[in-house]
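Reader: I would like to learn how to read a protein model feature by feature. Could you walk me through one?

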Amino acid sequence: MRIGTAPYVVWVKNYSRFVRRAAVASVVLWLSTMLLGAGSVTAALADASVLTITPSMARVGDAIMVTGQSCAAGQSVTGVRLDTAYTGAARASTQVALDLAPLAIAQTAGGFSFTYVPSEAEVELGFQVTCSDGSVATSPTRKVWVFGPYGRHWFLQSGSALAATAGSTVNVVIRSMDCVEGSLATVTLGRHLNTLAGSVEGTITNGVLDVMMLIYPSATSSVSDLEMRCESVRGGTLSDLRPFEVIPLGKPLPATGGVSSGELVIASLLVLAGLGLIGRRHDRRIGKRSTQL
């Protein structure tokens, strides 16, 4: 009897396992579908909250196009704020509400668009748009860089003037929309004085030259020229410069690295005087010990 029923029992156990596995797989599939669906909705909302701005680099007077996927049909743009960052200058960022009329806002079934014309150079611009339904869309992390006229590079610095101490290494960051992308650029310090105080080369990457330059220890105190040369997008070589203050690092050593004869004499006298003082103290200690004995 047992021999006849054993296969049946095994079949029932296998079938039960199959049913359990199928049920687990169905639950996992359902959860995955729900999560993917939620992720898609989240992604769509994230896209709607981020503005698209073109171009990423512009000059004063150029039209900047701003588009968004929020404020769809039935909604309207109720406010636009301009965020201005004075990168490299000793000025705080500002946020102001723009007059909507000059923006010529165009509403579409899928969102909106408008143009803005910058009037200030060497700033980063961002936008924030509010819709009538209360939703807000903002600029991506990288804002629009606004440059001056052709040939005018954007020298970045943390204060109101470019400066460094002789013998130190300074980080030179220069933006330009007029240099050929990927080309080699050269930065020099002190050319107008016919005395080279520093020089370095680097590659233009995404419109930026970012290099470390050594200010020669022999550089004297002066206001020199920090100049960058690059291959121009219009052909030939492009050059632009800014004033750069060199702060001396004390009295420089002679070229040989030695010291003058007068300095050697003074140092020798100091050493001899110290040895004489030590000798006198040693004699006193010996005299005291002799007296005690």
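This is a predicted model: local features need pLDDT of at least 70, side-chain atom pairs count only at pLDDT 80 or more; totals for chains, interfaces and linings use all residues.

Reader: Which residues is Thr84 in contact with, leaving aside its neighbours within four places in sequence?

Author: Contact means heavy atoms within 4.5 Å. On that basis Thr84 touches Ser93, Thr94, Val123, Glu124 and Leu125. Thr84 itself lies in strand S4, residues 77-85. Strands (E, at least two residues) and helices (H or I, at least four) are DSSP runs, numbered from the N terminus.

Reader: How many residues of S4 are buried?

Author: Seven of the nine, so S4 is mostly covered. For the protein as a whole, 30% of the 293 residues count as buried.

Reader: And which strands does S4 pair with?

Author: The general idea is that strands of a sheet pair through backbone hydrogen bonds, either parallel or antiparallel. The criterion here is that DSSP finds at least two bridges between two strands. S4 pairs with strand S8 (residues 123-131) in the antiparallel sense over eight bridges, and Leu82 has Phe127 of S8 as its bridge partner.

Reader: How many helices and strands does the protein have?

Author: The secondary structure comes to two helices and 18 strands. Among contacts with a separation of 6 or more, 64% are between residues 24 or more positions apart.

Reader: What is the strand order in the open sheet of five strands?

Author: The order is S12-S18-S17-S14-S15, with mixed pairing. Its edge strands, each pairing on one side only, are S12 (162-165) and S15 (198-203). The twist averages 25 degrees from one strand to the next; axes are lines fitted to C-alpha atoms, for helices over the stretch in contact, and angles run from 0 to 180 degrees between N-to-C directions. Strand S14 (residues 184-189) pairs with S15 in the antiparallel sense over six bridges, and Thr186 stands opposite Glu201 in S15.

Reader: What is the order in the open sheet of three strands?

Author: That one reads S11-S13-S16, with antiparallel pairing. S11 and S16 (208-214) are the edge strands. Seven bridges join S13 (residues 169-175) to S16, with Thr169 opposite Leu214.

Reader: What is the volume of the largest pocket?

Author: Rolling a probe the size of a water molecule over the atoms shows where empty space is left. On a 1 Å grid over the protein atoms alone, a cavity is a set of points where a 1.4 Å probe fits but cannot get out, while a pocket is an open set with protein on both sides within 12 Å along at least five of seven lines; lining residues have an atom within 4 Å of a point. Grid points are joined across faces, edges and corners, and a volume is the space filled by probe spheres set on the points. The largest pocket comes to about 220 Å³. Of its 16 lining residues, the closest to the centre are Gly88, Ala89, Glu122, Phe155 and Gln157.

Technical notes. Residues are numbered from 1 along each chain as its sequence is written. Side-chain values use heavy atoms; hydrogens and water are left out. Buried means under 20% relative accessible area, exposed over 50%, partly exposed in between (1.4 Å probe, protein chains only).
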